[in-house]
Amino acid sequence: MDVKHYMAQLGAQAREAAGLLSRADTGAKNAALLAMARAIDSSREALIEANQLDLENGRNNGLDAAMLDRLELTPERIDTMVEGLKQVAGLPDPVGGITDMNFMPSGIQVGKMRVPLGVIGIIYESRPNVTAEAASLCLKSGNATILRGGSEAIHSNQAVAACIRAGLVEAGLPEAAVQVVETTDRAAVGELITMPEFVDVIVPRGGKGLIERISNDAKVTVIKHLDGICHVYIDAEADPKKALDIALNAKTHRYGTCNTMETLLVNSVVADLMLPELAKAYAEKGVELRGCERTREVLNDAVAATEEDWSTEYLAPVLAIKVVDSIDEAIAHINRYGSHHTDAIVTENYTLSRRFLTEVDSSSVMVNASTRFADGFEYGLGAEIGISTDKIHARGPVGLEGLTSQKYVVLGDGHIRQ
């Protein structure tokens with residue numbers, strides 16, 4: 001296969017489909033999503049059969065247990081795909097909404113209309129359910145999409161793609177509105193991220209290495225976050241029960257997610273009170289603690305933390321702990337070592353909580369809540385394509401609105417500029 005020619009062909013088809021989708025009404029998009037859900041529901045046997053091929057190849061190629069788990073399509077995960085498509089169909093359509101319409105002194109009216117981005121390229125690894133999830137969000141927001149899944153899931157992704165195509169055809173929308181790359185050649189990724197004439201935005205979903213490579217090489221705008229080095233700061237005026245519950249949940253609810261706490265900051269005033277209780281709770285969960293010198297004065301069993309620990313995303317039952325003397329020190333630490341993803345303060349002091357919200361430079365900043373809430377579903381977005389730590393366009397969980405932009409609209413009645 002000539003990969004360059006193949007990807008250019010996909011790009012041209014996506015660009016044409018994007019023009020048609022931008023004119024599609026909400027009813028047609030919802031009809032396609034519901035038809036996709038029915039196609040997936042009725043194709044369970046074919047989906048599992050394709051998935052078994054990928055799992056068998058994965059085992060033969062030495063994929064670890066965690067990767068095989070993400071790759072597997074269980075009946076429950078197929079249920080989730082079906083339900084996810086139905087949920088997106090039920091979400092409000094952001095496209096075409098006009099806001100901020102105001103009369104100007106000249107007599108014209110000026111406002112903003114929400115519009116699709118155009119063509120979105122999505123690069124992801126392992127989980128074949130992402131194929132349906134990403135397709136649904138892009139379609140509902142009026143965007144054509146080119147999906148490039150990992151080579152380890154090629155059979156599963158193509159089986160899901162067949163269901164997506166069936167749904168589009170049934171609803172009378174162009175098949176090229178959602179295209180799943182059929183080649184496992186890595187050169188396809190290089191082409192996808194360097195076709196600005198066809199692709200408007202790239203969304204990488206995967207490990208830090210993948211995202212760094214795409215960010216460095218792309219000639220197309222990238223919506224991304226590299227890692228999730230999230231913090232919880234327990235203030236001197238924190239409620240001890242809230243602090244214990246939040247710090248435990250933020251770390252142990254799930255270890256392998258980007259919104260899991262990786263560093264705990266504890267004010268020195270409450271360190272002697274909080275650290276032993278926290279250490280006991282973490283020990284019951286099997287969490288390894290790595291502490292600064294002052295932490296280890298209280299917790300003798302903690303491993304000595306290194307400079308590298310403050311900027312490490314463990315994605316594992318490992319937690320770095322630092323004792324700080326003030327909110328100023330906590331904020332300075334977060335802004336220096338954090339990844340601008342999600343950070344939280346536990347305090348009963350309103351003034352300090354407002355300072356934290358204002359001064360911490362992250363896409364989600366929380367007061368008296370676990371960092372695990374940094375999620376599109378939990379934020380009421382219905383679903384998300386990913387989380388962005390960028391500062392331009394989308395920031396934080398990226399849902400339907402984040403997959404659109406705005407253009408100015410002007411209404412006049414023969415007005416001319418004097």
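How far is the sulfur of Cys163 from the closest cysteine sulfur, and in which residue does that sulfur lie? The closest one belongs to Cys138, at 18 Å, which is too far for a bond. The model examined here is predicted, so local features need pLDDT of at least 70 and side-chain atom pairs count only at pLDDT 80 or more, while totals for chains, interfaces and linings use all residues. Residues are numbered from 1 along each chain as its sequence is written, and side-chain values use heavy atoms, with hydrogens and water left out.

Let us stay with the cysteines for a moment. A disulfide is taken as a pair of cysteine sulfur atoms within 2.5 Å, and by this rule the count comes to zero. Cys258 illustrates the point: its sulfur is 6.9 Å from the closest cysteine sulfur, that of Cys230, and this is too far for a bond.

The nonpolar interior comes next. In soluble globular proteins, nonpolar side chains tend to be buried together. A nonpolar core is defined as a set of buried Ala, Val, Leu, Ile, Met, Phe, Trp, Tyr and Cys residues joined through side-chain atoms within 4.5 Å. The largest such core has 50 residues, and the members that touch the most others are Ile40, Ile122 and Leu168. Several elements each supply at least two residues of this core, among them helix H2 (26–42), strand S3 (119–124) and helix H7 (154–170). Helices (H or I, at least four residues) and strands (E, at least two) are DSSP runs, numbered from the N terminus. A second, separate core holds 34 residues, including Met261, Leu299, Val323 and Ala374.

With contact meaning heavy atoms within 4.5 Å, and leaving aside neighbours within four places in sequence, Ile40 is in contact with Leu47, Ile78, Met81, Val82, Leu85, Ala132 and Cys163. Beyond its neighbours within four places in sequence, Ser353 is in contact with Thr347 and Val367.

Charged pairs complete the picture. Side chains of opposite charge can pair when their charged atoms come close. A salt bridge is counted when a side-chain nitrogen of Lys or Arg is within 4 Å of a carboxyl oxygen of Asp or Glu, and a search of the whole structure finds 23 of them. One of these joins Arg38 and Glu170, with the closest N and O atoms 2.7 Å apart. Arg38 is in helix H2 and Glu170 in helix H7, so the pair links distant parts of the chain, 132 residues apart. Arg38 is partly exposed at 46% relative accessibility, and Glu170 is exposed at 54%.

Asp390 and Lys224 also meet in a salt bridge, at 3.0 Å from N to O. Because Asp390 lies in the loop between strands S15 (386–388) and S16 (396–398), and Lys224 in the loop between strands S7 (221–222) and S8 (230–234), this pair ties together parts that are 166 residues apart in sequence. Asp390 is buried, at 17% relative accessibility. A further bridge connects Lys251 with Glu262, whose closest N and O atoms are 2.7 Å apart, and both residues are buried.

How values were computed
Buried < 20%, exposed > 50% of the residue type's maximum accessible area, 1.4 Å probe, protein only.
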